[in-house]
Amino acid sequence: MDVIFLGTGAGAPTRKRNVSSIAIRFDQSREVWLFDCGEGTQHQFQRASVSPAQVTCIFITHMHGDHLFGLPGFLSSRSLQGGSEKPLTIIGPEGIKSFVTLVLKQSQTNLSYPLYFEEITTDGQVLDLPTARVECAALVHPIKSFGYALHLPDKPGRFMVEKAVAERIPFGPLFGTLKQGEEIELSDGRRFSGKDFIEPPVQGKKIVILGDTSACPAAVELSRDADLLIHEATFAPEAAKLAAISGHSTNIDAAITAKTANVRSLVLTHISARYDDNKASAMLAEAKEIFAQTMMAFDFYQMTV
Ligand SMILES: [Zn+2]
Ligand SMILES: [Zn+2]
């Protein structure tokens, strides 16, 4: 799957970084899940070769404006585009439904597609969606902020063609039967079970996207053994006190969480507007000293997981 960073700044947009939004495009279904929708996200879509019509789920981590204020515009514009009759589900903290419905009602906006809501009411809530199982955890921030762990389904194990060929099993329908894990009998009387020709399933990926948060045990627990952790790094270490007071993390906090949780890779995002490119590079280097597999997101940064 592809992870596309549409907005990587904190609080307010700058020339280089728009406010928060991350798109995940799944390989098979090509559907897109959006995580947060800061103001201007619909403009970022136009530059990122992702179509709003592909978006089937929007997860809002928390109700702060830099994660939310692009949502009404996005929903409205999606209505005007081809293929936009596909339903859309918005998942987020309590209040997301009343926020969206009030804006749509007062602006007399009629959408061309069905809109559904799923409000997260309890810490640890799990959503069993066809594309992935999503685990929700409450983090530490001045308002309720969630982290989402996406558990993708396991992939079936590979069929060992070479083993079947070595056993002189004829190509054709018998291969298909073996692939299904069923038994076959050859004309020479030999019997085989498909289970012996299929490798163990490949464990599905785990991707964790955290809302704004201070360093906390819940972030570590949710991120345990993830293939990818996307963590805010609003502040540099010299602003650690400010980070703690405002419910945010430093680059060092994020790196320690990644290391403690034994994730495979870490991406830092939600960088304060006070830091220029040089400072951001320094923050990345500092984080790498603690957790080597760290990257820093920038707008339109795209990675394949
Ligand atoms: Zn924020
Ligand atoms: Zn916030």
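Modeller: A word on terms before we start: a residue is buried under 20% relative accessible area, exposed over 50%, and partly exposed in between, with a 1.4 Å probe and protein chains only.

Colleague: Fine. What kind of model is this, and how are residues, chains and ligands numbered?

Modeller: The model is predicted, with local features needing pLDDT of at least 70, side-chain atom pairs counting only at pLDDT 80 or more, and totals for chains, interfaces and linings using all residues. Residues are numbered from 1 along each chain as its sequence is written, chains are lettered from A and ligands numbered from 1 in the order in which they are written, and side-chain values use heavy atoms, with hydrogens and water left out.

Colleague: Which residues are the protein donors of the zinc ion (ligand 1)?

Modeller: Asp66 (OD), His67 (NE2), Asp212 (OD) and His270 (NE2), at 2.1 to 2.3 Å from the zinc ion (ligand 1). Donors here are N, O and S atoms within 2.8 Å of the metal (3.2 Å for Na, K and Ca), and sites may look incomplete because water is not among the atoms.

Colleague: Why is the arrangement around that zinc ion (ligand 1) irregular?

Modeller: Its four donor atoms subtend angles of 92 to 166 degrees, which makes the arrangement irregular. Four donors are tetrahedral if all angles lie between 85 and 135 degrees; four are square planar and six octahedral if opposite donors are over 155 degrees apart and all others between 65 and 115; anything else is irregular.

Colleague: And where do His67 and His270 lie?

Modeller: His67 is in helix 2 and His270 in the loop between strand 15 (266–269) and strand 16 (271–272), so the pair ties together parts 203 residues apart in sequence. Helices (H or I, at least four residues) and strands (E, at least two) are DSSP runs, numbered from the N terminus.

Colleague: Is His270 buried or exposed?

Modeller: His270 counts as buried, at 3% relative accessibility. His67 is buried too, with a relative accessible area of 2%.

Colleague: Now the zinc ion (ligand 2). What are its protein donors?

Modeller: His62 (NE2), His64 (ND1), His141 (NE2) and Asp212 (OD), lying 2.2 to 2.4 Å from the zinc ion (ligand 2). Their spacing along the chain is H-x1-H-x76-H-x70-D. The angles run from 89 to 167 degrees, which makes this arrangement irregular as well.

Colleague: Which residue coordinates both zinc ions, and how far apart are they?

Modeller: Asp212 coordinates both, and the ions are 3.6 Å apart. Asp212 counts as buried at 2% relative accessibility, while His64 is partly exposed at 27%.

Colleague: Changing topic: how many salt bridges are there?

Modeller: The count comes to 11, taking a salt bridge as a side-chain nitrogen of Lys or Arg within 4 Å of a carboxyl oxygen of Asp or Glu. One of them joins Asp2 and Arg25 at 3.4 Å, N to O. Asp2 lies in strand 1 (residues 2–7) and Arg25 in strand 3 (residues 21–25), so that pair ties together parts 23 residues apart in sequence.

Colleague: Are Asp2 and Arg25 buried or exposed?

Modeller: Asp2 is buried, with a relative accessible area of 12%, and Arg25 is buried at 8%.

Colleague: Last one. How is the protein divided into domains?

Modeller: Domain 1 covers 2–155 + 202–304 and domain 2 covers 161–197, with bounds from an automatic or database domain assignment. Their centres, taken over C-alpha atoms, are 46 Å apart.
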